[in-house]
Amino acid sequence: MHGRQRPLVARTRERHQQIHERIKRGDSLRAIARELHLSRGTVLRFARATDVEQLLVAATHRPSVIDDYRLYLHHRWMGGCTNAAALTREIQQLGYRGDINTVRGIAVGTGKHLPTSPTPVSFSTPHTSAIPPLPRVIWCA
C-alpha cells in the first residue's frame, strides 16, 4: 500500500498486536476487553485470528449498500452524468437506501472504482477539422 494506511487498517493492526501481547502475558479475555474498552466478543475474534490479515480481509471487503448499483452508476457516469445528487435520486428510485455522500465518495474517487471523470469522446478524422465543435451540454434526468 502506498502512502498513509486507512484508519480501519491501522486500528485493526494495532488492536491485533495489543490483544496478542496481552494473551502472551497471560491476561484473560475479560481483562483485555476491560483494559482496551472493547467487547469480549471483539477480543475473542481478534484472539482467534492467528494472522492480522484474516481480520483485514473481513474488514476491508465488507458488502456496501451501494454495491448493487455500481454498474448502473458506472454506465451513467461514462454517459456523462457526473452530478452526484442526480445519480443518487436515480438509484434511490431503483431501491438504494443510502445517501448522497456514498455516491459522491464513489464518484470523486474516495470510494471504490468509478473513474474520476468521464472518458472523453474524440473525433479525429481528417474531415472534421472544418466543422466547429458543438458546445457540450449534458443534462442528467
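Two residues are in contact here if they have heavy atoms within 4.5 Å of each other. Keep that in mind for the views below, all of which come from a predicted model.

View 1. Seven helices and zero strands make up the secondary structure of the protein chain. Walk along the sequence and you get the pattern α-α-α-α-α-α-α. The chain has 141 residues, and 28% of them count as buried. Looking at contacts with a separation of 6 or more, 52% are between residues 24 or more positions apart.

**View 2. Helices α1 and α2 cross at an oblique angle.** Helix α1 covers residues 7-25, and its axis runs 10 Å from that of α2, with a packing angle of about 140°. That angle makes the two helices oblique to each other, because roughly antiparallel would take an angle over 145 degrees. The α1/α2 crossing is right-handed. On the α1 side, the residues making the contact are Q18, I19, R22, I23 and R25, while α2 brings in L29, I32, E35 and L36.

**View 3. D27 sits in the loop joining α1 to α2.** Look for D27 between these two helices. With a relative accessible area of 25%, D27 is partly exposed; to count as buried, a residue has to be under 20%. What does D27 touch, if you skip residues up to four places away in sequence? The residues are R22, I32 and E35. R22 also belongs to the α1 part of the α1/α2 contact, and I32 and E35 to the α2 part.

**View 4. H16 is a buried histidine in helix α1.** You'll find H16 in α1, where its relative accessible area of 11% makes it buried. Set aside the neighbours within four places in sequence, and H16 is in contact with F46, A49, T50, D51, V52 and L55.

**View 5. Helices α2 and α3 pack roughly perpendicular to each other.** The angle between them is about 115°, with the axes 9 Å apart, so the pair counts as roughly perpendicular. As in the previous helix pair, handedness is worth a look: α2 passes α3 in a right-handed crossing. From α2, the residues L29, R30, I32 and A33 meet R40, V43, L44 and A47 of α3.

View 6. Most residues other than glycine have a negative phi. H37 is not a glycine, yet its phi is positive, at about 60°. This histidine is in the loop between α2 (29-36) and α3 (40-48). Is H37 buried or exposed? It counts as exposed, because its relative accessibility is 72%.

**View 7. Y69 and Y96 form an aromatic pair.** One such pair turns up in a search of the whole structure. The ring centres of Y69 and Y96 are 5.6 Å apart and the planes meet at 75°, so the pair is edge-to-face. Distant parts of the chain are linked this way: Y69 lies in the loop between α4 (52-60) and α5 (70-78), and Y96, 27 residues apart from it, lies in the loop between α6 (84-93) and α7 (100-107). Both tyrosines are buried.

Note on methods:
Residues numbered from 1 in each chain as written. Predicted model: local features only at pLDDT ≥ 70, side-chain atom pairs only at ≥ 80, totals over all residues. Heavy atoms only, no water. Helix = DSSP H or I, 4+ residues; strand = E, 2+ residues; numbered from the N terminus. Buried < 20%, exposed > 50% of the residue type's maximum accessible area, 1.4 Å probe, protein only. Phe/Tyr/Trp six-rings, centres within 6.5 Å; stacked < 30°, edge-to-face > 60°. Axes fitted to C-alpha atoms, helices over the stretch in contact; angles between N-to-C directions. Parallel < 35°, antiparallel > 145°, perpendicular 65-115°, else oblique. Left-handed = near helix turned anticlockwise from the far one by under 90°.
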